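Please open the model in a viewer and keep the selection tool at hand. The stops below are to be visited in order.

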Amino acid sequence: MAKPHVTMEVGNDGVAVVTLINPPVNALAIPIISGLKEKFDEATRRNDVKALVLTGKGGRFSGGFDINVFQKVHATGDISLVPDVSVELVVNIIEDCKKPVVAAVEGLALGGGLELAMGCHARIAAPKTQLGLPELSLGVIPGFGGTQRLPRLLGLSKAIEIMLLSKPIMSEEGKKLGLIDAIVPSQELLKVSRQWALDISERRKPWLRSLHRTDKIGSLSESRDVLKAARQQAKKIAPNMPQHQACLDVIEEGIIHGGYNGVLKEAKVFKELVLTETAKGLVHIFFAQRMTSKIPNVTDVGLKPRHIKKIAIIGGGLMGSGIATAFIVSNIHVVLKEINSEYLQKGTKTIEANVRSLVTRGKLTRDKADKALSMLKGALDYSDFKDVDMVIEAVIESVPLKQKIFSEIEKICPPHCILATNTSTIDLNLVGEKTSSQDRIIGAHFFSPAHIMPLLEIVRTDKTSAQAILDLMTVGKTIKKAPVVVGNCTGFAVNRAFFPYAQSAQLLVHLGVDVFRIDRLISSFGLPMGPFQLQDLSGYGIAVAVGKEFANAFPGRTFQTPLVDLLIKNGRNGKANGKGYYIYEKGSRPRPDPSVQPIIEESRRVANIMPNGKPINITDKEIVEMILFPVVNEACRVLDEGVVVRASDLDTASVLGMSFPSYRGGIVFWADLVGPKYVYDSLKKWSQRFGDFYKPSKFLEERAAGGIPLSAPASSSSGSRSRM
């Protein structure tokens with residue numbers, strides 16, 4: 001592959017076409033930035049050049065700054081690796097160029113790519129070009145002048161929305177708002193841009209420097225009102241992140257003191273934000289998600305994925321119907337099998353409701369919804385299974401039932417058909433014990449609701465073929481899931497690492513801590529809801545069943561709570577019947593139910609674990625740590641046993657499967673920021689006070705003692721046993 005570079009061709013018309021070349025998205029790598037400086041310098045000096053056109057090769061302008069640079073900064077702490085682009089290149093060389101510069105934009109102009117285009121004197125775009133400044137989603141702000149030029153080109157409110165929500169617009173909307181000067185067909189883009197540049201040089205079209213414009217900003221008092229409202233919104237959508245408020249500060253600086261001062265402040269704040277823990281976490285998770293598609297001995301051995309056209313799902317309950325929805329909206333034929341017509345009708349109705357809700361939320365057009373529903377076929381027997389490429393079993397968690405189903409489908413399905421189970425806890429070797437096709441048996445563990453949650457855990461046994469894994473990874477991406485390949489054990493990766501989450505919350509309640517205080521603090525930490533509201537949402541039956549699974553699998557390190565049984569006895573089942581820890585009424589937010597208090601008191605008496613019968617004294621910080629450090633501890637065991645390929649896969653899975661805050665980088669990354677030694681010392685102290693539930697794992701102990709990050713590959717600590 002050619003190295004990233006910039007070319008320049010001067011035509012007979014006197015227009016120099018400067019082209020960015022760094023496939024696939026022409027990211028602004030360091031050589032591209034220095035190449036731009038050289039070519040612009042040459043074009044400015046040459047007498048045969050009257051004007052310039054800036055464009056990108058391969059139908060794409062630029063996807064923005066090369067964020068591999070951020071990774072290097074985070075690894076070294078050396079901020080000087082980030083080049084000075086904003087003043088040196090965009091202001092001094094492009095915007096203040098003595099010859100007019102027109103951006104010919106196609107495909108996408110995102111982040112630094114759009115910022116370069118805004119520094120030009122006009123922007124001509126092809127239809128359906130994506131334009132946006134998504135930097136805040138990486139923990140930073142636009143750093144090449146975007147906070148100053150975007151409000152000046154399309155107005156303050158819309159510019160703030162595009163930046164704060166990292167929400168791109170298409171070139172058609174950009175033209176209406178004034179960001180784009182003209183939209184022309186792709187094949188005419190360069191011709192029109194060249195002529196436009198000549199028209200500017202010959203004064204037939206205006207020569208506009210966007211940094212100097214103020215006509216769209218409005219009065220100072222109007223701007224302050226818009227910014228004030230935006231600050232309130234930012235507090236709601238991003239309470240724990242610094243970049244949103246910083247972005248608004250920088251925009252305000254430019255409005256009060258002028259665009260150039262705004263650019264100077266932006267460059268300074270941009271570099272400060274690159275070094276924050278938020279940016280480190282978000283950049284880490286960005287790369288971690290891309291790493292999940294690299295699986296040793298699966299994706300690197302020359303195998304080609306087979307095309308999956310038709311699948312069958314056994315069981316049309318909550319999970320089965322959600323999985324079916326995910327496939328049909330991605331144009332894959334689904335046969336849904338149930339045991340009787342009543343259950344089948346119920347499952348079909350749920351799928352129809354799922355699809356309707358996607359239409360209501362604007363995620364799907366009416367036509368696509370109709371097409372999706374036409375891809376679904378109901379069945380009460382296996383006669384339609386003869387030509388399916390994959391079966392996903394999604395029945396209740398019963399080993400004998402699953403074994404019976406797998407021995408039946410093995411006889412009916414074609415020999416290439418993948419035999420998958422959606423079990424969330426049962427050992428796959430047990431599921432496939434009665435079959436002879438163990439190389440085709442695989443776990444396809446979706447998270448509820450399956451048509452919305454992005455994670456797909458692909459569970460392999462030591463007999464699962466590389467082909468089956470690759471095929472499931474590929475179809476996972478087709479249905480817009482993020483597949484993470486994991487080893488086979490109770491709970492696999494996510495549920496295994498996070499089983500102490502609910503249990504440590506229960507343990508704290510039985511030590512005298514208030515349920516609603518715990519939920520409040522965990523929400524403030526950044527999870528969408530606390531452990532008790534989550535339990536209300538998923539239902540108590542699941543909590544009881546899963547609790548037993550883990551108690552059997554990991555005796556001596558679980559906490560078995562009497563509280564859930566007492567709640568069930570009291571006629572509560574969480575959100576399902578409107579009464580749990582919270583009261584659920586249609587049209588209003590869940591609110592704490594004071595009448596749950598006597599049940600909690602009774603449970604505390606039964607458990608009888610309060611030191612001297614008195615509630616413990618505990619800070620807010622300790623509550624969060626006592627709930628999340630046991631999760632880190634179990635994550636260490638997951639790493640030690642080789643249940644995941646790499647630590648960053650567990651980070652991705654924790655963010656996408658458990659909604660661990662992405663800006664904290666995932667469970668392992670966050671623990672490394674907190675410090676393995678601090679986690680170890682805390683757990684050791686609590687295990688001495690409150691028992692073996694908190695006992696640190698051997699892996700954590702070794703890493704803490706050696707000063708080794710938890711995420712360092714297994715060779716850094718002794719004797720890791722892989723399940724991969």
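Begin by selecting Phe 499, Pro 500, Arg 557, Pro 630, Asn 633, Glu 634, Arg 637, Asp 692, Phe 693 and Lys 695, which line the largest cavity. On a 1 Å grid over the protein atoms alone, a cavity is a set of points where a 1.4 Å probe fits but cannot get out, and lining residues have an atom within 4 Å of a point. The volume of the largest cavity is about 60 Å³, where a volume is the space filled by probe spheres set on the points, and grid points are joined across faces, edges and corners. The structure holds 2 cavities of 30 Å³ or more. Helix 25 gives the most to the lining of the largest cavity, namely 4 residues. Helices (H or I, at least four residues) and strands (E, at least two) are DSSP runs, numbered from the N terminus.

The model is predicted: local features need pLDDT of at least 70 and side-chain atom pairs count only at pLDDT 80 or more, while totals for chains, interfaces and linings use all residues. Residues are numbered from 1 along each chain as its sequence is written, and side-chain values use heavy atoms, with hydrogens and water left out.

Next, select Leu 508, Ile 518, Tyr 581 and Leu 650, the residues with the most contacts inside the largest nonpolar core, which has 81 residues. Helix 25 (residues 620-640) supplies the largest share of this core, 12 residues. A nonpolar core is a set of buried Ala, Val, Leu, Ile, Met, Phe, Trp, Tyr and Cys residues joined through side-chain atoms within 4.5 Å. Buried means under 20% relative accessible area, exposed over 50%, and partly exposed in between (1.4 Å probe, protein chains only).

Now turn to the aromatic rings. The structure holds 23 aromatic pairs; rings of Phe, Tyr and Trp (its six-membered ring) pair if their centres lie within 6.5 Å, and planes under 30 degrees apart count as stacked, over 60 as edge-to-face and the rest as tilted. Select Phe 286 and Phe 287: this pair is edge-to-face, 5.4 Å centre to centre, with 90° between the planes.

Phe 629 is buried at 0% relative accessibility, and Tyr 678 is partly exposed at 34%.

Finally, select Ser 223 in helix 9 (residues 220-237). Ser 223 is buried, with a relative accessible area of 1%, and its contacts include Leu 156 and Ile 255.

Methods
Contact = heavy atoms within 4.5 Å. 1 Å grid on protein atoms, 1.4 Å probe; cavity = no way out; pocket = protein on both sides within 12 Å on 5 of 7 lines; lining within 4 Å. Lists of a residue's contacts leave out its neighbours within four places in sequence.
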